Amino acid sequence: MQSFGGFLKENALPVENIKYVASKRFVDPEGKPLEWEICAITLDEDEDIRKTCTDPTTKVLNADKYNASFAARCTVFPNLNSAELQDSYGVKGADKLLRAMLIIPGEYIKYLAKVQEANGINNFGSLVEQAKN
């Protein structure tokens with residue numbers, strides 16, 4: 001018989017953050033691409049983001065807003081809540097900053113996929129379809 005001790009919270013392994021080069025356009029002084037840091041969030045946090053991105057009247061999820069908000073919340077570095085960084089791009093809000101920084105569609109889409117991967121979601125296309133419903 002197996003013990004359930006491994007399921008106790010104090011015995012659960014931590015979820016590791018992922019480092020990812022979201023764009024080769026952001027480099028350090030030596031010209032090396034900067035790594036972004038992505039974390040996983042809890043199911044409750046995800047639910048809160050979904051609620052803020054759902055029209056209360058129609059109950060329809062705005063998938064674009066959800067994806068941007070979800071990705072912004074999961075971004076540890078760079079700090080998308082930095083007023084200095086937001087001012088640099090002329091935007092207000094972490095989700096808007098993310099879209100302003102990753103202006104090339106491929107960069108943004110690949111970043112969204114990496115954020116999904118960090119959260120245990122490996123089929124990004126399926127998630128987008130699910131979010132639309």
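The cut-offs are simple: buried means under 20% relative accessible area, exposed means over 50%, and partly exposed is in between, using a 1.4 Å probe and protein chains only. This is a predicted model, where local features need pLDDT of at least 70, side-chain atom pairs count only at pLDDT 80 or more, and totals for chains, interfaces and linings use all residues. Residues are numbered from 1 along each chain as its sequence is written, and side-chain values use heavy atoms, with hydrogens and water left out.

**The loop between α1 and α2**

Asp55 sits in the loop between α1 and α2. A polar atom of its side chain lies 2.7 Å from the backbone nitrogen of Thr57. Asp55 and Glu45 are 10 residues apart in sequence, and their C-alpha atoms are 18 Å apart in space.

Lys59 belongs to the loop between α1 and α2 too. Lys59 is not a glycine, yet it has a positive phi of about 65°. Is Lys59 buried or exposed? With 63% relative accessibility, Lys59 counts as exposed.

**The whole chain**

Zooming out, the chain has 6 helices and 3 strands. Helices (H or I, at least four residues) and strands (E, at least two) are DSSP runs, numbered from the N terminus. Along the sequence they follow the pattern β-β-α-α-β-α-α-α-α. The C-alpha atoms fill a box of roughly 55 × 45 × 25 Å, taken along the principal axes. Of the chain's 133 residues, 36% count as buried.

Contact here means heavy atoms within 4.5 Å. Among contacts between residues at least 6 apart in sequence, 51% join residues at least 24 apart.

Axes are lines fitted to C-alpha atoms, for helices over the stretch in contact, and angles run from 0 to 180 degrees between N-to-C directions. A crossing is left-handed if the near helix is turned anticlockwise from the far one by less than a right angle, and right-handed if clockwise.

| Helix pair | Axes come within | Crossing angle | Handedness |
|---|---|---|---|
| α2 and α5 | 10 Å | roughly 65° | left-handed |

What do the contacts consist of? On the α1 side, Glu45, Asp46, Ile49, Arg50 and Thr52 meet Lys65, Tyr66, Ser69, Phe70 and Arg73 of α2. These contact residues divide into 3 nonpolar, 2 polar and 5 charged. In this sorting, Ala, Val, Leu, Ile, Met, Phe, Trp, Tyr, Cys and Pro are nonpolar, Asp, Glu, Lys and Arg are charged, and the others, Gly among them, are polar.

**A look at α5**

How far apart are the end C-alpha atoms of helix α5? The 14 residues of α5 (residues 105-118) should span 20 Å at 1.5 Å a residue, and the end C-alpha atoms are 20 Å apart, which agrees. The expected span is 1.5 Å times one less than the number of residues. Buried residues in α5 include Tyr108, Tyr111, Leu112 and Val115. Just after α5, Gly120 takes a positive phi of about 80°.

Thr75 is in strand β3, and its relative accessible area of 9% is why Thr75 is buried. Its side chain makes a polar contact with the side chain of Tyr111 at 2.6 Å. A polar contact is a pair of N or O atoms within 3.5 Å; within protein, one must be able to donate a hydrogen and the other to accept it, and residues adjacent in sequence count only if both atoms are side-chain atoms. Leaving aside neighbours within four places in sequence, Thr75 is in contact with Trp36, Glu37, Leu80 and Tyr111.

Pro78 lies in the loop between β3 (75-77) and α3. The peptide bond from Phe77 to Pro78 is cis, with omega near 5°.

Finally, Gln86 lies in helix α3 (residues 83-89) and counts as buried because its relative accessibility is 9%. Its side chain reaches the backbone nitrogen of Gly93 at 3.0 Å.
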